[in-house]
Amino acid sequence: VVVHAHDARLAGREVGVDGPPVTIPGLDLATDYDAYLTETCPGGEAGYPRGPLSFTTLEEPLPVNAFCDGAVSLSCGQEVGGDTQLGVLAQAPECGSGYISTPGLWYTFAGNGDDVTLSTCNSADFDTKISVWSGTCADLVCEGGVDDAAGCGGNTSAVTVATVAGTTYFVLVHGYDGEAGPFTLSMACAPAC
């Protein structure tokens, strides 16, 4: 990928190989860019450039928990706020009815053997989903996913997972059918039945 910026400091700079996705480092916030895609043909010859694909970078940097490896830690009894409009579309395996179709934000916690309930119930103005995995960001294993929950107004969500002590869990709060917005995520723990 060759990026030509309206900002001459980055003009003609070559970035990214073998995408998608391609990460383009060094871009400035709130700046217009034109990207041109060029395929490398057999024999090493460059194909015809395609573009421009014009885009403008965000005015503010993404939150660290826009990506799994920046997941924010949660603990029992805690509530955290977030806004899925600041997230990115995650590349994660399907998990229950919480399949991913919109950007989200990541959280993590360590299992302690309790049943853990993660909830946006009545604390968001959009249709939320919650997906929960164990494992690592590179190898996620579905533990539970939900689109809506009984008793939660506005199609908000709550999911309960039985945890194993010492196991790391990852939580993605995201929306349904393009919906996004601010939310409050709560984590409650109770002894397993």
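In what pairing are the bonded cysteines of the protein chain joined, when numbered in sequence order? I looked this up and found 1-5, 2-8, 3-6, 4-7.

**Entry: ground rules.** I am working with a predicted model, in which local features need pLDDT of at least 70 and side-chain atom pairs count only at pLDDT 80 or more, while totals for chains, interfaces and linings use all residues. Residues are numbered from 1 along each chain as its sequence is written, and side-chain values use heavy atoms, with hydrogens and water left out.

**Entry: disulfides.** I counted 4 disulfides, taking a disulfide as a pair of cysteine sulfur atoms within 2.5 Å. I started with C68 and C137, whose S to S distance is 2.1 Å. The torsion about their S-S bond is about -85°, so this disulfide is left-handed. C68 lies in the loop between β4 and β5 and C137 in the loop between β9 and β10, so the pair ties together parts 69 residues apart in sequence. (Strands are DSSP runs of E, at least two residues, numbered from the N terminus.) I noted C68 as buried at 11% relative accessibility and C137 as partly exposed at 31%. (Buried means under 20% relative accessible area, exposed over 50%, partly exposed in between, with a 1.4 Å probe and protein chains only.)

Next I looked at C76 and C189, with sulfur atoms 1.9 Å apart. C76 is in the loop between β5 and β6, and C189 is in strand β13, 113 residues apart.

Then I turned to C95 and C142, whose link is right-handed, with 85° about the S-S bond. C95 sits in the loop between β6 and β7, and C142 in strand β10, 47 residues apart. C95 is buried at 1% relative accessible area, whereas C142 is partly exposed at 36%.

**Entry: strand β8.** Is β8 enclosed or open? I found 4 of its 5 residues (115-119) buried, so β8 is largely enclosed by the rest of the structure. β8 pairs antiparallel with β11 over 5 bridges, and V116 has V161 as its bridge partner there. (Two strands pair if DSSP finds at least two bridges between them.) Another 5 bridges join β8 to β13, again antiparallel, with L118 opposite M187.

**Entry: the open sheet.** I traced 5 strands in the order β5-β7-β12-β9-β10, with mixed pairing. β5 and β10 stand at the edges, each with a single partner strand, so one side of each is left without a neighbour in the sheet. Inside this sheet, β7 and β12 pair antiparallel over 7 bridges, and G104 stands opposite H174.
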